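Thank you for making time this morning.

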Amino acid sequence: MRAIHISSHDGPAALEVVDLPESEPGAVLIDVHAAGVTFPEVLQTRGRYQISPPLPFIPGSEVAGVVRSAPEGSGFAAGDRVCAFPGLGGFAEVVATEPSQVFHLPENLSFVQGASIPMNVLTVHFALAHRGRLQPGETVLVHGAGGGIGIAATQFATALGARVIAVASTEEKRELARKAGATDVIAPEGFKDAVKELTGGQGVDIVVDPVGGDRFTDSIRALGQEGRILVIGFTAGEIPTVKVNRLLLGNKSAVGVGWGEYWMSNPGYLQKQWAEVEPLLASGRLDPLVGAEFPLENAAEALELMDGRGAVGKIVLTTGR
């Protein structure tokens, strides 16, 4: 099978296309049609992510495709359309995944859309529904709203009856955020004052922050009474610090969102999430927006696009099946 190797920590350009033996049956064996690209893969090419296996290895944490074989009693059978979260190994034509990390893909979604679901949608579900305790009628500020996490957060919050104020760096990304359902769309520059004006001085209930960097303090200032900022990631490259006295003013909370750590220590949680998310996907209330598709062999180009923050929407690799 064709696959992509990270064989050095020299960045996305050093990715290699290799030909390897196929995965052995035992878990759910999936013929991959599409694989999602995520920011952790960019970090892995430089050895800067917490999950960094010995070199060389196949990256890729989310896929969609067709089941080739599955263990008896797994709930899956040959021919099933699925998406999955293998954690590693997804940038390949075939991947083996534990049944608990495989999900039936609704018929209304393409494989390309399916490959954009496991990391982004399940992370956002955990962030907003579980950690953020989002309630209908609340207002959510979403940073990085033109990227995969941002689009998923905008759609999910909207589906739960929230008002979304989306922050995106270019007009193209802001237009995508509007398409995802954002009520208001603003630029990063001066976002705190824009939020104050849009909320009549009340501030927002939740901030979704996959960006970090120097906007973090103003994000806390943009929160209203008992507001929560959800710390998801640091695509800006800088891990911010916060003076905790800012949390006292307005009884605000900084909430960590470690989805991977949580589901790995809580067996069955992924399938519980899917039971809540799948109806939203099947009804079209969650409709993954893919921004760019690359053939598998062009994985380096795809990761370089994400590394340069040029991605508009989700980036997906396709195998040509």
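Before anything else, a word on one term: a residue is called buried when its relative accessible area is under 20%, exposed when that value is over 50%, and partly exposed in between. By that rule Tyr269, at 9% relative accessibility, counts as buried, and I will come back to this residue when we reach the aromatic pairs. Please also keep in mind throughout that what you see is a predicted model.

Let me start with the chain as a whole. It has eleven helices and 15 strands. The radius of gyration is 19 Å, close to the 20 Å that the globule rule gives for 321 residues, so the chain is as compact as a globular protein of that length. Along the principal axes, the C-alpha trace spans about 60 × 40 × 35 Å. Of the 321 residues, 55% count as buried, and the accessible surface comes to about 13,400 Å², with 50% of that area belonging to carbon and sulfur atoms. As for how the chain contacts itself, if we take contacts between residues at least 6 apart in sequence, 69% of them join residues at least 24 apart.

Now to the interior. In soluble globular proteins, nonpolar side chains tend to be buried together. Here the largest nonpolar core holds 51 residues, and the members that touch the most other members are Leu128, Val140, Val208, Leu230 and Trp259. The elements that give two or more residues to this core are the helices α2 (111-114), α3, α4 (148-159), α9 and α10, together with the strands β8 (139-142), β9 (163-167) and β11 (204-209). Which of them gives the most? That is α3, with seven residues. There is also a second, separate core of 36 residues, which includes Ile30, Ile58, Val67 and Val102.

Leaving aside its neighbours within four places in sequence, Trp259 is in contact with Phe85, Pro118, Met119, Leu122, Thr123, Phe126, Leu270 and Gln273.

In one of them, Phe126 and Tyr262 are tilted, at 5.0 Å centre to centre and with 35° between the planes. Phe126 lies in helix α3 (residues 118-131) and Tyr262 in helix α9 (residues 259-264), so this pair ties together parts that are 136 residues apart in sequence.

His33 itself is in strand β3 (residues 28-37) and is buried, with a relative accessible area of 19%.

I will finish with the backbone. Most residues other than glycine have a negative phi, and most peptide bonds are trans. Where does this chain depart from that pattern? The peptide bond from Leu55 to Pro56 is cis, with omega near -10°, and Pro56 lies in the loop between α1 (39-44) and β4 (63-69). Glu226, in strand β12 (residues 223-231), has a positive phi near 60°, and at 57% relative accessibility it counts as exposed. Asn251, which is not a glycine either, has a positive phi of about 55°; this residue lies in the loop between α8 (245-248) and β13 (253-256) and is exposed, with a relative accessible area of 52%.

Definitions and conventions. Residues numbered from 1 in each chain as written. Predicted model: local features only at pLDDT ≥ 70, side-chain atom pairs only at ≥ 80, totals over all residues. Heavy atoms only, no water. Helix = DSSP H or I, 4+ residues; strand = E, 2+ residues; numbered from the N terminus. Buried < 20%, exposed > 50% of the residue type's maximum accessible area, 1.4 Å probe, protein only. Phe/Tyr/Trp six-rings, centres within 6.5 Å; stacked < 30°, edge-to-face > 60°. Rg over C-alpha atoms; globule rule 2.2 N^0.38 Å. Contact = heavy atoms within 4.5 Å. Areas by Shrake-Rupley, 256 points an atom, 1.4 Å probe, with all protein chains shown as cover. Core = buried A, V, L, I, M, F, W, Y, C linked by side-chain atoms within 4.5 Å.
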